[in-house]
Amino acid sequence: MHNAPHSNVKIVTADPSAIGLFGLAIVTLVASSQKLGLTEGLSLVIPWAIFLGACAQLFAAIQDAKHNNTFGMTAFGAYAFFWLATAGSWLIKLGVFGNVLADAADGKQLGFAFAGYLIFTLFMTIGATETHKVLFFIFVLIDLLFLGLTLDAFEIVPAFFHNLAAFAEMGIALLSLYGAGAAVLNTHLGRVFLPVGQPFGIFKSRA
């Protein structure tokens, strides 16, 4: 008995980086406005953290998995879950889940989470050297954001590192907006309309 012939079917899906970067851009734009003192409170930051920071990036991560893009899937997925956890932490801080949780909150626990994300982002920054320069500098700014958040949470020169985190986050927002626009327009127009820069070509094997 002969085995039935089979064929491979390739399913083509759109590049999800634009929607992922857009989600990152909007949530960091809103969150940095609060850190910089341009707006007050966290109440109206939370929905943007959940739907743009988390859901948009998680959608991009799932689509990148279909592209067999481990780097994109891991980056968008990790930061999506970061924003979900951050929104949850803010809800606890604001007393949504009761005073017992709010009163028992220890901000230094967030410092350990931020430190873990800083280490992770440093690894991802190395990987970003082989994507394009806009994405690389987004990761550099994310490094600075997590450095600032970590040391602020541990109350190490908090005023300075709070401001470092705030300005880095605003930079992430602006650069990610550019990256999202480039990802859409360069693909849609079929040419380089907004340049993003070639990979540095430092670490990847050329064999």
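The reply below starts with the chain and then turns to the ring pairs.

Reply: This is a predicted model, in which local features need pLDDT of at least 70 and side-chain atom pairs count only at pLDDT 80 or more, while totals for chains, interfaces and linings use all residues. Residues are numbered from 1 along each chain as its sequence is written, and side-chain values use heavy atoms, with hydrogens and water left out.

The protein chain has seven helices and zero strands; helices (H or I, at least four residues) and strands (E, at least two) are DSSP runs, numbered from the N terminus. The C-alpha atoms fill a box of roughly 70 × 45 × 30 Å along the principal axes. Of the 207 residues in the chain, 39% are buried; buried means under 20% relative accessible area, exposed over 50%, and partly exposed in between, with a 1.4 Å probe and protein chains only. Among contacts with a separation of 6 or more, 70% come from residues 24 or more positions apart, a contact being heavy atoms within 4.5 Å.

Now the rings. The structure holds 16 aromatic pairs. Rings of Phe, Tyr and Trp (its six-membered ring) pair if their centres lie within 6.5 Å; planes under 30 degrees apart count as stacked, over 60 as edge-to-face and the rest as tilted. The planes of phenylalanine 71 and phenylalanine 139 meet at 55 degrees, with ring centres 5.7 Å apart, so this pair is tilted. It links distant parts of the chain, as phenylalanine 71 is in helix α3 (residues 70-93) and phenylalanine 139 in helix α6 (residues 133-153), 68 residues apart. Phenylalanine 71 is partly exposed at 22% relative accessible area, whereas phenylalanine 139 is buried at 3%.

Another pair, phenylalanine 136 with phenylalanine 200, is edge-to-face, at 4.9 Å centre to centre and 70 degrees between the planes. Phenylalanine 136 lies in helix α6 and phenylalanine 200 in the segment after α7, so the pair ties together parts 64 residues apart in sequence. Phenylalanine 136 is buried, with a relative accessible area of 15%; phenylalanine 200 is partly exposed, at 33%.

Ring pairs also join residues into a cluster, made up of Phe71, Tyr79, Phe82, Trp83, Trp90, Phe114, Tyr117, Phe120, Phe139 and Phe146.

As for α7 itself, this helix covers residues 158-189 and reaches 46 Å from its first C-alpha to its last. Glycine 190 follows α7 and has a positive phi, near 70 degrees.

Key. The expected span of a helix is 1.5 Å times one less than its number of residues.
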